[in-house]
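Subject: The structure we talked about

Hi,

Here is the structure I promised to pass on to you. Please open it next to this email, and then read on for what I found in it.

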Amino acid sequence: MPKWILATPAWLWFLVFFAAPVGLIIYYSFGYKPGIFGTVATDKLSFDRYVEAFNPNYTPIFRNTLEISIIGTFLCLVIGVPFAYWLAVKVKPKWRGLLLGLVLVPFWTNFLVRTIGWQIILAPDGFLSGFLQDLKLLGSPLAIDKTRWAVQIGVVYNYLPLMILPLFVAFDRLDSTLREASKDLYASRWATFRQVSLPLAMPGVVAGLLLVFIPLMGDYITASLLGGTKGTMIGVLVADMFNSAQNWALGSATAVILIGFILGTAAFFGLIGWIIQSIVRSRRRINIEGAL
Amino acid sequence: MSDQKDVISVLAPHATIKQVSRRAFLAGATATVAGGSLILTGCGEDEAPTTGGTGSSSGPLEDQINMYTWGAYDYPKVMKQFTEEFGPALKLSSYDSNEQMISKLVATKGTSGFDIVVPTGVFIPQMVQAELLEPLDLARIPNFENIAEEYRDQPWDPGNGYSVPKAWGTTGYVYDKTKVTRPMATWQDFFDAAADEASGQTSMLADPNEVIGAYFWANDEDWNTTDTAALDACEDYLIDNIAPHVKAFESYPGTNGIPQGSYYLCQAWNGDGRQGIIDSGTDNWVWVFPGPRSELWMDNWTIPTGAPNPNAAYEWINYNLDPEVSLETLSWVGYHTAVADIEPAAEEAGIERLDMIFFTPEQVATMDAGEVNDSQTRRVEIFNNVKAAAV
């Protein structure tokens with residue numbers, strides 16, 4: 001039996017449910033919208049939809065998407081790292097499974113329903129608003145629903161587990177003897193974390209960043225439910241072009257641009273990370289031959 | 001006779017109970033909402049199973065109806081009654097604009113699975129041309145006779161070949177009088193308040209024609225214009241003066257936004273605004289039917305091409321045109337249902353906020369029906385640009 005046969009189901013899946021739809025989107029993006037009720041025609045192919053999609057009016061939406069995604073991913077990282085470290089290293093093993101299960105509890109409910117839940121929580125007449133006003137922390141009703149802040153809260157909530165899980169796995173794999181060795185060499189707790197645990201957990205950090213950043217950039221549910229006009233993201237724009245404008249060609253071109261935008265941004269940060277890592281490594285390098 | 005037998009053999013477990021409960025309901029309702037037309041209807045209903053027998057002429061009723069319609073457009077109680085009485089369960093999906101609904105029908109090419117869609121009248125000719133709608137057999141909708149003469153046979157569907165009226169209404173706005181204190185009477189007042197004290201707290205409908213319409217209504221111009229310069233001026237005004245102040249484009253502020261206090265000022269369809277005001281439980285919200293002009297729209301029951309449950313769909317449409325049922329729906333959705341003499345019946349029944357449901361002839365004279373014309377693509381483009389400018 002040939003070895004590749006093991007990968008066949010995965011390849012078939014990939015081909016039918018990923019490669020084919022994306023190929024279709026790319027193909028449509030060169031088409032045009034025929035008449036009021038047509039959605040897409042491809043008898044004449046051109047780059048015109050890309051010209052339209054690069055409409056300067058849409059720049060604020062691209063900027064918004066990038067800002068929300070970067071801040072959201074960063075917040076997930078800042079919240080996720082200490083939590084995952086605590087869970088993997090500090091918590092007693094018997095509680096670990098339970099706590100990890102609790103991290104996954106939100107996934108038991110549909111993404112859409114969870115986001116609508118935030119709509120209710122953040123409403124000016126909602127209980128959070130009432131509670132904060134009762135505590136005299138707020139003088140007027142909470143005014144963050146339908147703003148960028150609401151989207152920011154929503155995306156951190158929705159994507160945090162995707163950050164915690166790979167981080168947990170990475171920290172969990174760390175050999176505790178390495179930390180002990182670090183302590184034996186008089187490294188402080190912070191120095192041990194910074195110089196031993198975190199660098200070794202780097203693959204988990206990168207996986208978490210990608211798992212959060214990429215779907216977040218394309219998210220449209222959170223933005224359309226919580227964002228109002230100020231929290232619009234590209235995903236909303238693409239959905240509008242398909243649903244309301246019935247312009248699949250333009251929607252496809254915008255979607256392709258979004259894909260490129262995500263790849264470009266991820267590559268850009270990857271490059272920065274690589275440069276920083278190279279600098280740190282070269283400066284920290286200990287020349288063992290010299291010591292001999 | 002054989003027809004009747006069919007009905008009974010199919011609906012046997014429920015039929016008898018239903019007949020009784022139906023009559024009991026009618027009797028009860030007639031007592032509370034006494035009126036000549038209602039008694040007449042009672043007679044009509046008695047006949048229905050034998051002659052009208054909408055289900056009987058084309059086989060049994062299917063067990064469900066998939067309805068794609070506007071948000072909060074059907075009274076849950078009425079839907080439940082229908083299911084109890086006839087069997088088919090109603091499944092609902094909703095849309096924000098005609099464009100959205102049409103795009104789904106176009107995209108699925110007759111396989112949408114929907115049995116009912118409720119387009120605004122002016123969209124019907126193009127939908128018919130694109131073969132998105134099944135012709136209606138009015139013989140299967142005996143209650144069509146309850147529709148007032150003036151709402152039948154509209155220019156966009158002569159002879160009601162494809163549609164029967166569901167409801168008609170207009171577009172206005174509601175505002176929170178504790179936040180907006182200036183006198184509010186026109187669309188220009190709406191824009192002025194939006195750009196001032198309601199800045200960042202204003203919602204407009206998520207429908208290209210409504211947002212663009214508001215500008216033309218404010219300026220007392222033809223809102224169906226195809227004139228490029230007029231549309232450009234509209235785009236510039238909305239992008240520069242209004243978009244930055246809009247908090248959200250939302251077609252149903254009445255469902256959540258108004259009751260939750262999310263806005264100070266909302267462009268709204270009269271029925272949705274009414275639901276929001278009633279649900280808010282305060283008297284802070286004021287409805288304005290704005291001048292100098294506004295819209296008149298009429299939505300219509302239609303059956304899309306390829307509907308999997310047409311018999312049940314016919315039965316549902318017919319059910320809704322019953323004056324009793326229609327009045328119940330009206331009491332909740334807050335739109336004129338085009339049924340004859342519904343206004344006196346509603347007054348008699350003591351339904352709240354009739355000023356938001358029924359309009360005087362003078363008000364109606366300031367309403368213009370929309371049009372679907374060559375500028376549609378441009379209008380969608382303007383709307384997208386306005387939305388982008390609101391970020």
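This is a predicted model: local features need pLDDT of at least 70, side-chain atom pairs count only at pLDDT 80 or more; totals for chains, interfaces and linings use all residues.

Which residues of helix 9 of chain A are buried? They are Ala191(A), Thr192(A), Phe193(A), Val196(A) and Ser197(A). The cover over these buried residues includes helix 3, helix 7 and helix 8 (176–184) of chain A.

The buried residues in helix 10 of chain A are Gly204(A), Val205(A), Gly208(A), Val212(A), Phe213(A), Leu216(A) and Met217(A). Among the elements that cover them are helix 3 (59–90), helix 7 (148–173), helix 9 (189–200) and helix 13 (248–284) of chain A.

Now look at Thr65(A), which sits in helix 3 of chain A. Is Thr65(A) buried or exposed? Its relative accessible area is 0%, so Thr65(A) is buried. Leaving aside residues up to four places away in sequence, Thr65(A) touches Met217(A), Met233(A) and Ile234(A). Met217(A) is one of the buried residues of helix 10 of chain A.

**Chain B as a whole**

Chain B has 14 helices and 11 strands. Of its 391 residues, 58% are buried. The accessible surface of chain B comes to about 14,600 Å², and carbon and sulfur atoms account for 53% of that. Taking contacts in chain B between residues at least 6 apart in sequence, 76% join residues at least 24 apart.

**The sheets of chain B**

One open sheet in chain B has five strands in the order 7-6-8-5-9, with mixed pairing. Strand 7 (246–249) and strand 9 (285–288) of chain B are at the edges and have a single partner strand each, so one side of each has no neighbour in the sheet. From one strand to the next, the twist averages 30°.

Within this sheet, strand 5 (residues 171–176) and strand 9 of chain B pair in the antiparallel sense over four bridges. Here Val174(B) stands opposite Trp287(B) of strand 9 of chain B. Helix 9 (residues 270–280) of chain B packs on the sheet and touches strand 5, strand 8 and strand 9 of chain B, with its direction at about 125° to that of strand 8 of chain B. Helix 6 (residues 187–194) of chain B lies across strand 5, strand 6 (202–204) and strand 8 (265–269) of chain B, and runs at about 145° to strand 8 of chain B.

Another open sheet has three strands in the order 4-10-11 of chain B, again with mixed pairing. Which strands stand at its edges? They are strand 4 (164–169) and strand 11 (367–369) of chain B; each has a single partner strand, so one side of each is left without a neighbour in the sheet. Neighbouring strands of this sheet are turned by 35° against each other on average, direction ignored. Strand 4 and strand 10 (residues 294–301) of chain B pair in the antiparallel sense over five bridges, and Trp168(B) stands opposite Met298(B) of strand 10 of chain B.

For parallel pairing, turn to strand 1 (residues 64–70) and strand 2 (residues 89–95) of chain B, which are joined over seven bridges. Trp70(B) stands opposite Tyr95(B) in strand 2 of chain B. Together with helix 3 (residues 76–86) of chain B, these two strands make a right-handed β-α-β unit.

Thr329(B) belongs to helix 11 (residues 323–333) of chain B. Its relative accessibility is 3%, and because buried means under 20%, Thr329(B) counts as buried. Its contacts beyond four places in sequence are Tyr73(B), Tyr75(B), Val78(B), Lys166(B), Asn320(B) and Gly334(B).

Asn311(B), in helix 10 (residues 310–320) of chain B, is buried too, at 7% relative accessibility. Asn311(B) and Gly59(B) are 252 residues apart along the chain, yet their C-alpha atoms are separated by 7.4 Å.

How values were computed
Residues are numbered from 1 along each chain as its sequence is written. Chains are lettered from A and ligands numbered from 1 in the order in which they are written. Side-chain values use heavy atoms; hydrogens and water are left out. Buried means under 20% relative accessible area, exposed over 50%, partly exposed in between (1.4 Å probe, protein chains only). Contact means heavy atoms within 4.5 Å. Accessible areas come from the Shrake-Rupley method with a 1.4 Å probe; for residues, only the protein chains shown count as cover. Two strands pair if DSSP finds at least two bridges between them. Axes are lines fitted to C-alpha atoms, for helices over the stretch in contact, and angles run from 0 to 180 degrees between N-to-C directions. A crossover is right-handed if, with the strands pointing away from the viewer, the path from the first strand over the helix to the second runs clockwise.
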